[in-house]
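User: I've got this model open on my screen. Please walk me through it, starting with the terms I'll need.

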Amino acid sequence: MAAKLVGLKIRTLRMQAGLSQNILAQRAGISPSYLNLIERNRRPASTLLLDRIAAELAVDRAQLDGEAERRLADEVREVSAELAASEKLPELASAEEFVGHHPGWAALLLRLYRSYQDRDAAVLALADRLEHDPFLRDSVHQMLTHVTSIRSAAEIVQASDTLESTDSRRFLEIVAGDSARLSQTAMALAAFFDSAQTRVRAATPTEKVDALIVASQNYFPELEAYADAVRAAGEHETLLHAPPSFDAADNEERPSPFEQLRAQARLGAAGEVAAILSRHEGFEQDGEAFRLAANALFAYTAAAVLMPYGPFHAAAERHRYDPNRLARLFGVSYEQAAHRMTTLRRPGREGVRFAFMRADPSGYISKRLPLPRLPLPRYGNACPLWVIYTAFQTPGMTARAFGALASGDDFLFFARAVEKQPAMTGGARHLMSIMLACDGDDAARVAAADGIERRAATVPVGTTCRLCVREACRQRQEPPLIA
């Protein structure tokens, strides 16, 4: 997939620059025939060669890597699986060419699908509300009762010419009284539909936040600088050395240091957050996407204060990216340490690059950060063989495995089911599974790979059943889109 997109990008940018293959090949130090093979996706381009070609095209090498286009192609493929699961589709491999030649149309397709999802979610939510909401059920019954009473009284008055004035007045009072009650019920019903609590939260804002985080590789230098300034000024010391305590007076637990630092960041880092969001489309100040993104960035800031980049990166290297040890060392939760590991993307001081995923026992994915060759599902559940689901069988213990995609790419997956909050007496545990994944070639740097024989223990996996070509898989939940 990557080679196809790289070749298309080089060809497109070369033509935009008005350069022939001969000229660009000469400047990059290769033969025209070799450049032709690269552009036609017949030969790979090394990192050094990409650097030279990017320099001659006056672009950043990231524009040639095609990572953004890979993500777009993965989403196009996933959307096609959702929309046409039972229909004959074009060959799915053509998603890369579609994105490479028409990135604008591909982005528009995804926007239309997300809009469709919003409308579909709204219809389903309202249908469910109409079917199950007790207020609506009672209101409809009341309206039917009032209408029946009004109609019966009106028919009696209309059909009888011999009613005494007293009886006539009594029936008219019934009509008037039930009409007033019918009006009140109708007004209450209208107010119910107009109230904020009945609105359906759109999926699109969350999609925008995901796109922002992925495009930034989950690294925000302005927020790292703010966190360093907070620590240098010692503003965090009181919070770090005051563990959460129970206030018997109001029967509530005080916020944790992380929650207090996040609240502090809402005031101190508001300018930095606004500046970050202003550089990306779709984050209007009063919009839902802005609110969700700001919340995520304030949480990022709090984590950066608790786990400063330099010491955390050094500790991660020293302890070989073990979230459990890092959590104990920095006094944070397992999830916070695991998520911080995904932010180690400072140029010149990068850590192992991880995908991150969080899901509940139903399979609902509430957080996701993919890797270039490991797309994480956005519109459905992930592969049943991923350890993110296995972890629920042994909460508090780390499930781990090597997994190989049909493309030949392999990854180290490790996950742990953690309790988000203590269960109420007699209530179910609130478990969430936190999964990290890294490229198989980076596994030697990660403690979770210890004791696993990579070749012998690699499990054939997919991303989602609809997009997986392994038809004989015993864990398959849905038929594949193509054979």
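Analyst: Two strands pair if DSSP finds at least two bridges between them. Helices (H or I, at least four residues) and strands (E, at least two) are DSSP runs, numbered from the N terminus. Keep in mind that this is a predicted model, where local features need pLDDT of at least 70 and side-chain atom pairs count only at pLDDT 80 or more, while totals for chains, interfaces and linings use all residues. Residues are numbered from 1 along each chain as its sequence is written, and side-chain values use heavy atoms, with hydrogens and water left out.

User: Do β5 and β8 run parallel or antiparallel?

Analyst: Strand β8 takes in residues 458–460, and three bridges join β5 to it. For one of the contacts across this pair, look at Phe402, whose bridge partner in β8 is Thr458. The direction of the two strands is parallel.

User: Then what about β5 and β6, parallel or antiparallel?

Analyst: Here seven bridges join β5 to β6, which spans residues 410–421. You can follow the pairing from Ala399, with Ala415 as its bridge partner in β6, to Ala401, which stands opposite Phe413.

User: Which residue takes a positive phi in the hairpin of β5 and β6?

Analyst: Five residues sit between the strands of this hairpin. One of them has a phi near 100°, and that is Gly408.

User: What is the strand order of the open sheet?

Analyst: The sheet has six strands and mixed pairing. Two strands stand at its edges, β4 (365–369) and β8, and each has a single partner strand, so one side of each has no neighbour in the sheet. Reading across, the order is β4-β3-β7-β6-β5-β8.

User: How many residues of β5 are buried?

Analyst: Buried means under 20% relative accessible area, exposed means over 50%, and partly exposed is in between (1.4 Å probe, protein chains only). Strand β5 runs over residues 398–404 and is largely enclosed by the rest of the structure, because its buried residues number five of the seven.

User: Is Met435 buried or exposed?

Analyst: Met435 belongs to strand β7, residues 430–439. Contact here means heavy atoms within 4.5 Å, and leaving aside neighbours within four places in sequence, Met435 is in contact with Ala355, Phe356, Met357, Trp386, Val387, Ile388, Phe413, Phe414 and Ala415. Tyr389 is 46 residues away in sequence, with a C-alpha to C-alpha distance of 9.2 Å. At 1% relative accessibility, Met435 counts as buried.

User: Which residues does Val446 touch, beyond its neighbours within four places in sequence?

Analyst: Val446 is among the residues with the most contacts inside the largest core. Once the sequence neighbours are set aside, the list is Arg320, Tyr321, Val352, Phe354, Leu412, Phe414 and Cys438.

User: Let's go to the loops: is Asn218 buried or exposed?

Analyst: Asn218 is found in the loop between α11 and α12. Its phi is near 55°, a positive value in a residue other than glycine. With a relative accessibility of 2%, Asn218 counts as buried.

User: And Ala58, is that buried or exposed?

Analyst: Look in the loop between α4 (47–57) and α5 (62–65). Ala58 is a residue other than glycine with a positive phi, near 60°. Its relative accessibility is 69%, so Ala58 counts as exposed.

User: To finish, what percentage of the chain's residues are buried?

Analyst: The chain has 21 helices and eight strands. Among contacts between residues at least 6 apart in sequence, 64% join residues at least 24 apart. Out of 483 residues, the buried share is 41%.

Terms used
A nonpolar core is a set of buried Ala, Val, Leu, Ile, Met, Phe, Trp, Tyr and Cys residues joined through side-chain atoms within 4.5 Å.
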